[in-house]
Amino acid sequence: MSTPSVVREAVARRLEAFVAHIRTEAAGYGPDAGAFLTSASATLDGGKRLRARFCHAGWSAVAGADATADDTVWDVSAALEIFQSAALVHDDIIDNSDTRRGRPSAHRAFEHDHRTAGWSGDATGFGRSAAVLLGDLLVAWSDDLLEQALRAHPHADAVRAEYARMRRDVTIGQFLDIAEESAWSVNDDSEHAERALRIVSLKSARYSVEQPLLIGAALAGADASQQSALRGFGHPLGLAFQLRDDVLGVFGDESVTGKPSGDDLREGKRTLLIAWTREELAPAARRSIDELVGDANLTNDQIGSLQAIIVESGALERVEDLIAQYAAEADHALQGAKLDAGALEELRALAQAATTRTS
């Protein structure tokens, strides 16, 4: 079983080699582009590398826990981490987030650099525009590294198909997420929970857990039964992973998550927590919640009040129960599966990390 540190170190080496190669090709771009490339490579630092770990675990489940991963496995794992960085850059723009992993988000960093350099024009607008392009560049880098890794690989088509599905699903899920921040008001209250779970599935469950597993398994030449078992494990675990993220987005400790506590409330995220809270409130209290969720200027006291209402409504407990239910469903999918016995230990360790994390 590979440890988190083994994955982190292997992925870091492949990312470093890839970025170094990019820089040799971009030597003539000039200093501003050089700084832009530095910003892009900086987004690749840190993180839990969960997607890389799931990719490697999917590969191990088919190839065998004792098999030695080659550069192809680590390059594809690294490509997933680049794609994750792209998604975070764009997500922070959409959510107007000031921080990421305890540091300024990309658009805020570009805004700061614009002001520091004494450039003319709108620093805020520049920051957002530059970050959009930064995210686009990272998507391109992700594709570049994937194709580099798959050159002449016998299972390249299967890997590409899973990767393409991942990119489509997360983009559609991201759109549904921002749409729901406005569309909730014209949809029946009874539909809110179902709509929230659809977003969870598309925006996060598939691209955070299910697809990395299947991509890794495809690299190892997984057959239909192995793919089915990993899909049965990965999708419910991905749902649990995102629901944990939703809980942390409301109740997380900023010193651990790197994001302000209650940030999802300020951003107006219509999560399952909010849907289930509203179900238990009288109309007047529901209207009060609706007026507060999405207010970017919520005070800490207002955040605390909303947190208390969510707890008192029973919504937090219901979400915690659902996380446990999804985790159990995922574990059940592994029983009797034609997967390497040693690799199952890693899959179960990943499930534990994904559902009990605090950041």
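**View 1. Helices α4 and α6 are roughly antiparallel to each other.** In this predicted model, the axes of helix α4 (residues 71-95) and helix α6 (residues 123-150) come within 8 Å and cross at roughly 165 degrees, and because angles over 145 degrees count as roughly antiparallel, the pair is described in that way. The crossing in which α4 passes α6 is left-handed, and the residues of this contact divide into 18 nonpolar, 6 polar and 3 charged.

**View 2. F83 and Y163 form one of the 6 aromatic pairs that the structure holds.** The two rings lie 6.5 Å apart, centre to centre, with 65 degrees between their planes, and the pair is edge-to-face. F83 belongs to helix α4 and Y163 to helix α7 (residues 156-183), so that the pair links distant parts of the chain, 80 residues apart. F83 is buried, with a relative accessible area of 7%, and Y163, at 0% relative accessibility, counts as buried too.

**View 3. The rings of W119 and F126 form an edge-to-face pair.** Their centres are 5.4 Å apart and their planes stand at 80 degrees. W119 is partly exposed, with a relative accessible area of 43%, and F126 is also partly exposed, with a value of 29%. Both residues belong to a cluster in which ring pairs link F36, F110, W119 and F126.

**View 4. The charged end of R51 sits over the ring of Y207.** The distance from this charged end to the centre of the Y207 ring is 4.7 Å.

**View 5. R318 lies over the face of W276.** Here the distance to the ring centre of W276 is 3.9 Å.

Conventions. Residues are numbered from 1 along each chain as its sequence is written. This is a predicted model: local features need pLDDT of at least 70, side-chain atom pairs count only at pLDDT 80 or more; totals for chains, interfaces and linings use all residues. Side-chain values use heavy atoms; hydrogens and water are left out. Axes are lines fitted to C-alpha atoms, for helices over the stretch in contact, and angles run from 0 to 180 degrees between N-to-C directions. Helices (H or I, at least four residues) and strands (E, at least two) are DSSP runs, numbered from the N terminus. Angles under 35 degrees count as roughly parallel, over 145 as roughly antiparallel, 65 to 115 as roughly perpendicular and the rest as oblique. A crossing is left-handed if the near helix is turned anticlockwise from the far one by less than a right angle, and right-handed if clockwise. Ala, Val, Leu, Ile, Met, Phe, Trp, Tyr, Cys and Pro count as nonpolar, Asp, Glu, Lys and Arg as charged, and the others, Gly among them, as polar. Rings of Phe, Tyr and Trp (its six-membered ring) pair if their centres lie within 6.5 Å; planes under 30 degrees apart count as stacked, over 60 as edge-to-face and the rest as tilted. Buried means under 20% relative accessible area, exposed over 50%, partly exposed in between (1.4 Å probe, protein chains only). A charge sits over a ring if NZ of Lys or CZ of Arg is within 6 Å of the ring centre and within 35 degrees of the ring normal.
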